[in-house]
Each structure stands twice: as structure tokens, then as C-alpha cells.
Amino acid sequence: MGRLPCTSERSGEMSLHSIYRDVTKEVNLVDQFLMSHIASDDPTIDAAGQQLLQAGGKRIRPAFVLLASKFGHADRDELVRVAASLELVHMASLVHDDVIDDAELRRGKPTVMQHFDEEVALYSGNFLFGEAVKLIGEVGKPELVQVMVHAMREICEGEIEQIYDQYDWEQSIKRYIKRIERKTAILIEASCHLGAIVANCSPEDTKALRQFGRDIGLAFQIADDLLDFTAKRMELGKPVAEDLRHGHKTLPVFYASEDPVFFHELQQIRSMPSHEEVAPLLERLQQSGALDRTQQTVDLYIRRAIRRLEHLPKSSAKRSLEEVARYVGKRKG
């Protein structure tokens, strides 16, 4: 079997090797495709793109495209092109995220913005968005482009909502869920949807795979929000508690805010406090039971996602989807 495009040797990520067993060759083809199509005649954009690839990644979204396609019949070249285009959109969104958050690290390595500058990062992200649309358009199926463009619009709207919601500690959980649907869940939902379209899956199977992707996407983001408080810096590849310091109210903070004392202290947080300033708040949050409740919510979405697959025929691909779902719920970084 070929090498998976995961640079980390952590045990959690190594488990993806077995999870991807049905699509190992295709995942490697996606990685090779990205290497050849991320290139630009502009040396700066080319260097920025290569840095993103060298930072690694689990390729979870391409894997969802590939696994969803197993419930129909797809042309491998089309499938690899679609999966790669999804990963380009994901990479572009990460570049823009890092600019918004003024992030120095991504997966433990300097961000494009840190390595170059803000302007280069923004235009590199835009280049990747454009390349993604170009690639998926070349498949010749308008429905694929519609799904992709819808996902890109949702991501942008979710990012704008997050900017306006910064340090708004009185926002509702409903608004939070809607925001993470747009920022994260939509792309994993689109991964499953696109795989089903390329493979000409039945409408019933396509709907089930879309709903599975949406639930996994929500679980993925909530698990990420949990990791912001529980992971060590080396595991996360970036500083911990950054969401709170940037004024992003995530699910652990919503749960902890049910304590009036915590909520009163939270309302004093404004304009990028230091780690020392938020330390007492973090200690109170960790003692509140909010982290356990957040993990229970992740588990709830994972179970619901797996139930979405019940009517699909038993197969190795179905087992792999279920395993990816469980991995998402228990990942450590």
C-alpha cells in the first residue's frame, strides 16, 4: 500500500491508515494531483501553495468524497479531480482563517501569512479557490459546480458571521450551531454529496450521505472547539485557548456560561486578552463539567451520523465511514 499523505506519526492519525484502506490508492492520487495542480507561474503563490501541502493534513474531506462514491459507480479520474478540488477549498479557507485570526502556526508549522505576509496569504487563498472551481468545472457536470459554489458561499458567510460575533458573549447556541454549519459542516456535507453525485448514487443514498456528512461536520467542529481547551500545544499544532482569546464563543463556553459567576467574568473579556488574563476563567471552565458535556454532544452527533447510514448496504466502505465518524469523535489533535 502507498504512503498516506499524513505527516504526523501520532497514533490517532496513524489509525486513518486502516480507515482509508478502501481508498488508499485514490487518496495518494489526490495528493499527487494536488502537488501538480497547486503550482502557479507566480513564484510567491507557488511557494505559498507548496508550504501548505508540506504542512500535511489528514485528507478527511477527499476521503469522504471517495468513500461516498463507493455506493455507486464513478470514473476514477473524475473522482480524484473532485476530491482534490474539495481539498483546495479547504486549504484556501484555512489560509483566510489564519489571516483573520492573525495565527502564527497551523499544524505546528508557520502559516502562509507568517511565512510571507497578509497580502500574499489572502491572494494565495483566492488563487486556491479559483483553481478549485476551475478543476471541478472541467469534469463537465454542472451539479458538481453548484454544490461546490454553494459550499464556498456558505463558508464565506459563516466567516463573516464569526467576525461580527466576536466578543458577543450573549449570543445564542442556535446562532453558534448555524455558524459552524456554514464554517465547517458544509464542506464535509459537500464532500459526501459530491462523491454521491460523481458515482450516480440513488436519490435516497445521496440524501443519507449528505445528512451523514452534515452531522459529522458538526461533530468535527465541536470536537475542534473542545480540543482548544483540552489539547496540549504540540498535539494541536497551535496555541491552546485561542478561540476564547479571539472572542469566539464555542460550545464549552456556552455550557460553562450557565454558571452566573463564570458568565460575569466572561463578559469582562475584550480585545485579545493575554493568556494570563484568561487563566482564571479557563480554570473555572475546566471545573464546571462543560468539557464533559461538550464531549457528550459530539458523541450525540456521531451516533446520529452513523444512524443515517442504516439503510445503505453493508460493505467495507460503509464500515470505513462509520470508523471515520468514530475517529472524528475521539481525535486528539
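1. Ground rules. The model is predicted: local features need pLDDT of at least 70, side-chain atom pairs count only at pLDDT 80 or more, and totals for chains, interfaces and linings use all residues. Residues are numbered from 1 along each chain as its sequence is written, and side-chain values use heavy atoms, with hydrogens and water left out.

2. Salt-bridge count. The criterion is a side-chain nitrogen of Lys or Arg within 4 Å of a carboxyl oxygen of Asp or Glu. The model has 25 salt bridges by this rule.

3. E138 and R81. These two form a salt bridge, with the closest N and O atoms 2.5 Å apart. The pair links distant parts of the chain: E138 sits in the loop between α7 and α8, R81 in helix α5, 57 residues apart. Helices (H or I, at least four residues) and strands (E, at least two) are DSSP runs, numbered from the N terminus. E138 is partly exposed, at 44% relative accessible area. The classes are buried (under 20%), exposed (over 50%) and partly exposed (in between), with a 1.4 Å probe and protein chains only. The areas come from the Shrake-Rupley method.

4. R182 and E161. Their side chains meet in a salt bridge, 2.3 Å from N to O. This pair also links distant parts of the chain: R182 is in helix α9 and E161 in helix α8, 21 residues apart. R182 counts as buried because its relative accessibility is 15%. E161 is buried too, at 15%.

5. E258 and R293. Here the N-to-O distance is 2.9 Å. E258 lies in the loop between α13 (251-256) and α14, R293 in helix α16 (residues 290-308); the two are 35 residues apart. E258 is exposed, with 53% relative accessible area. R293 is partly exposed at 32%.

6. Negative patch. Which residues form the negative surface patch? They are D102, E104, D117, E118 and E119. Patch residues have over 30% relative accessible area and no salt bridge; like charges are joined within 9 Å, nonpolar side chains (Val, Leu, Ile, Met, Phe, Trp, Tyr) within 5 Å. Asp and Glu count as negative, Lys and Arg as positive; His and the chain ends are not counted. Each charge is placed at NZ of Lys, CZ of Arg, CG of Asp or CD of Glu. E104 is in the loop between α5 (76-101) and β1 (105-106). Its relative accessibility of 51% makes E104 exposed.

7. S124. This residue belongs to helix α7 (residues 118-137). S124 is buried, at 3% relative accessible area. Neighbours within four places in sequence aside, S124 is in contact (heavy atoms within 4.5 Å) with I45 and A48.

8. E159. Helix α8 (residues 142-165) holds E159. Is E159 buried or exposed? E159 counts as buried because its relative accessibility is 11%. Apart from neighbours within four places in sequence, E159 is in contact with D97, I100 and K183. E159 and T184 are 25 residues apart in sequence, and their C-alpha atoms are 10.0 Å apart.

9. Positive phi. Most residues other than glycine have a negative phi. Y167 has a positive phi, near 60°. Y167 lies in the loop between α8 and α9 (173-198) and is buried at 16%. S271 has a positive phi near 50°. S271 is in the loop between α14 (260-266) and α15 (275-287) and is exposed at 63%.

Methods:
Accessible areas come from the Shrake-Rupley method with a 1.4 Å probe; for residues, only the protein chains shown count as cover.
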